[in-house]
Amino acid sequence: MLKGFCMNQRKASITGKKVLVAGAGGFIGSHIARALYKNGNYVRAVDVKWDNFIKEPHFSKALTMDLRNFDNCKKATEGMDYVFNFAANMGGIGYITRQGANIMHDSSMINLNLLNCSVKNNIERFFYASSACVYPEHLQLESDVRPLKEADAYPAMPDTYYGWEKLYTERLCEAFSVDYGLKTRIARYHNIYGPESTFDGGREKAPSALCRKVALATNPGAIEVWGDGEQTRSFCYIDDCVNATLALASSSYEMPINVGSDRLVTINQLADMIIAISGKKIAKNHNTKGAQGVRGRNADISLIKEKLGWEPKVSLEKGLEKTYRWTSKEIIDRASPLQVKM
Ligand code: NAD
């Protein structure tokens, strides 16, 4: 067995390693940092800003630095065994369809410098968080869409600059792997959601945004839903994402692989599920000018099932319930005068 890996029925975890989690101040990065820290790794958490949603200890040391900068990437990777890169200029559908140059510039700088410094600092493994946004637009024109498998990414025509940057960085990882022997692992995440995730400010994703809208709505009341609500997506709960990420990072599989769910729902259905969880009587007002992204997107997860024996375990109902409860409590806590005084 390779040093640092614990294998149990095709489940793998990483232990006793020194791990850099880049972007550990954000959603997925903070959850991965917590899992790695609990597994007995030394976790160096790096970010330019911190959401601070996770209250329990989840890293060994935190460094606040801008990873677009080469010297910062050199310091961040120094003395580490593994690098998990979640640092990116990103946001929900409104953000990634509005921003082009900043996303491509910032994330490219982070990825180029981190990969380069990982080679210089002899990093054993480099994990990269790619996205379902790499897939071509023409395969995502209908609500009732065919699930996307990994090979569908080519010939390439992502619908956003964000997706192009992700696809470019996948190839960058491959080039660093071929030319310098850096072992890279790449997950294409499909709509990861869950508690301890940003829910306002413009960078939040649809499940968290809808949880916030429902939590803030009067009873009876109404919420705004972007588009006609008949656009479709699949959603993957954060705990499932963490398990898949750790399994992939410790596996021998070297190509990009989908991490997601293959349960397709419309955004109207997603909103209705959250409304049902809240117990409120809430109508949906459709804003057809709101960003929708592609009309339909689903994940084919047969490859990850075959290669890693992984599939999502948490139902959308259960995951949304946890997300809604956490988001509404966070909103109440923020508004509480006691919290303001403390
Ligand atoms: P997030 O915005 O919560 O986390 C990204 C983190 O990167 C933030 O904390 C941000 O401050 C940090 N960052 C940005 N610029 C930085 C810089 N210059 N230096 C240092 N840190 C910087 O996003 P997330 O949802 O946790 O996503 C993590 C990764 O997974 C990203 O690469 C994202 O593109 C990818 N991804 C996420 C999803 C999803 O559904 N959440 C889907 C597909 C891909």
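Predicted model: local features only at pLDDT ≥ 70, side-chain atom pairs only at ≥ 80, totals over all residues.
Helices here are DSSP runs of H or I with at least four residues, strands are E runs of at least two, and both are numbered from the N terminus.

**The chain as a whole**

The chain has 11 helices and 15 strands. Its radius of gyration is 20 Å, and a compact globule of 342 residues would come out near 20 Å, so the two agree. Along the principal axes, the C-alpha atoms fill a box of roughly 60 × 55 × 45 Å. Buried residues account for 55% of the 342. Take the contacts between residues at least 6 apart in sequence: 78% of them join residues at least 24 apart.

Nonpolar side chains tend to be buried together in soluble globular proteins. In this chain, the largest nonpolar core holds 64 residues, and the ones with the most contacts inside it are Ile28, Leu36, Phe84, Phe86, Tyr189 and Ile223. Helix 7 (residues 238-249) supplies the largest share of this core, at eight residues. There is also a second, separate core of 22 residues, including Ala22, Ala87, Leu115 and Phe176.

What does phenylalanine 84 touch, leaving aside residues up to four places away in sequence? Its partners are Ile14, Val19, Leu20, Val21, Ala22, Ile32, Leu36, Phe127, Thr245, Leu246 and Ala249.

Glutamine 140 belongs to the loop between strand 7 (125-131) and helix 5 (161-180). Buried or exposed? Glutamine 140 has a relative accessibility of 1%, so it counts as buried. Beyond residues up to four places away in sequence, glutamine 140 is in contact with Tyr135, Val145, Leu148, Val294, Arg295, Gly296 and Arg297.

Lysine 322 is in helix 10 (residues 316-335). Its relative accessible area is 40%, so lysine 322 is partly exposed. With residues up to four places away in sequence set aside, lysine 322 touches Pro195 and Tyr237. Glutamate 254 is 68 residues from lysine 322 in sequence, and their C-alpha atoms are 33 Å apart in space.

Most residues other than glycine have a negative phi, and most peptide bonds are trans. Here are some spots to check against that.

| Site | Backbone feature | Value |
|---|---|---|
| Tyrosine 154 to proline 155 | cis peptide bond | omega about 0° |
| Asparagine 219 to proline 220 | cis peptide bond | omega near 0° |
| Asparagine 122 | positive phi | phi near 50° |
| Glutamate 196 | positive phi | phi near 55° |

Where do these sit? Proline 155 is in the loop between strand 7 and helix 5, and proline 220 is in the loop between helix 6 (206-216) and strand 10 (221-226). Asparagine 122 falls in the loop between helix 4 (101-120) and strand 7.

Asparagine 122 is exposed, with a relative accessible area of 63%, whereas glutamate 196 has 15% relative accessibility and counts as buried. The cut-off behind that last call is 20%: anything under it is buried.

Definitions and conventions: Residues numbered from 1 in each chain as written. Heavy atoms only, no water. Rg over C-alpha atoms; globule rule 2.2 N^0.38 Å. Buried < 20%, exposed > 50% of the residue type's maximum accessible area, 1.4 Å probe, protein only. Contact = heavy atoms within 4.5 Å. Core = buried A, V, L, I, M, F, W, Y, C linked by side-chain atoms within 4.5 Å.
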